[in-house]
Amino acid sequence: SYTAIPYLERAPRPQAPSLRPAYQGSNPISDIWARHSLAVIEKYFTRSVYDCEDVEARSQMHLASTFAGIGFGNAGVHLCHGLSYSIAGGVKSHQPGGYTKEHPIIPHGLSVCITAPAVFSFTGTANPDRHLEAAQLLGRDTRADKQADAGLILADLMRGIMSTMKVEDGLSALGFGPADLDQLVEGALPQDRVNKLAPRYP
């Protein structure tokens, strides 16, 4: 939501407030929640995952999840979510560790984050300041970074977080191959409710 198109740039504008979509795009109120959530994640995420007895870290991550939900509940989300539906819906054989289900599953969080590096590489040029600030909130010293590299910087940071959390690396790790691309695209195209919130439309 923090890298979504700003609410003032959404077009076409509705004729009346009652016709506004639920998701407005990034806005000053949602931005507060997003920034706070990113700062909490930077401080507590690894601790909460790798020490189940760390009640402080786990409690803070529960709060960060709630804060993020408040923020994106108004601003909306964009391409990572728009792409996630066909990824989760097209699962063939993936069975994540820790799940006892007897059928293949790609959990929602995994289907969303798996494309984050690619998405931020793509959207970074449309709003480099937001991408760099997100990277800074997640712990990177961005003072010497160039705006032209903003998307790649945030993408690499996401790859690092995903690696630390032992998240699968890319769609091939979830069982998809080149023959699945048409189906994945077909499933993503109808998700314009969120796709149109991307600062750069694919």
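Trainee: What pattern does the chain follow, read along the sequence?
Mentor: This is a predicted model, in which local features need pLDDT of at least 70, side-chain atom pairs count only at pLDDT 80 or more, and totals for chains, interfaces and linings use all residues. Residues are numbered from 1 along each chain as its sequence is written, and side-chain values use heavy atoms, with hydrogens and water left out. The chain has 9 helices and 0 strands, where helices (H or I, at least four residues) and strands (E, at least two) are DSSP runs numbered from the N terminus. Along the sequence the pattern is therefore α-α-α-α-α-α-α-α-α.

Trainee: What is the radius of gyration of the chain?
Mentor: The radius is taken over C-alpha atoms, and the globule rule is 2.2 Å times the number of residues to the power 0.38. For 202 residues the rule gives 17 Å, and the chain comes close to it, so it is as compact as a globular protein of that length; its radius of gyration is 17 Å.

Trainee: At what angle do the axes of H1 and H6 cross, and how is H1 classed relative to H6?
Mentor: Axes are lines fitted to C-alpha atoms, for helices over the stretch in contact, and angles run from 0 to 180 degrees between N-to-C directions. The axes of H1 (residues 28-50) and H6 (residues 128-137) come within 8 Å and cross at roughly 40°. Angles under 35 degrees count as roughly parallel, over 145 as roughly antiparallel, 65 to 115 as roughly perpendicular and the rest as oblique. The crossing is at roughly 40°, which makes H1 oblique to H6.

Trainee: Is Phe 67 buried or exposed?
Mentor: Phe 67 is placed in helix H2 (residues 55-75). Leaving aside neighbours within four places in sequence, Phe 67 is in contact (heavy atoms within 4.5 Å) with Trp 33, His 36 and Ser 37. Buried means under 20% relative accessible area, exposed over 50%, and partly exposed in between (1.4 Å probe, protein chains only). With a relative accessible area of 17%, Phe 67 is buried.

Trainee: Which peptide bond is cis?
Mentor: The proline concerned, Pro 12, lies in the segment before H1. With omega near -5°, the cis bond is the one from Ala 11 to Pro 12.
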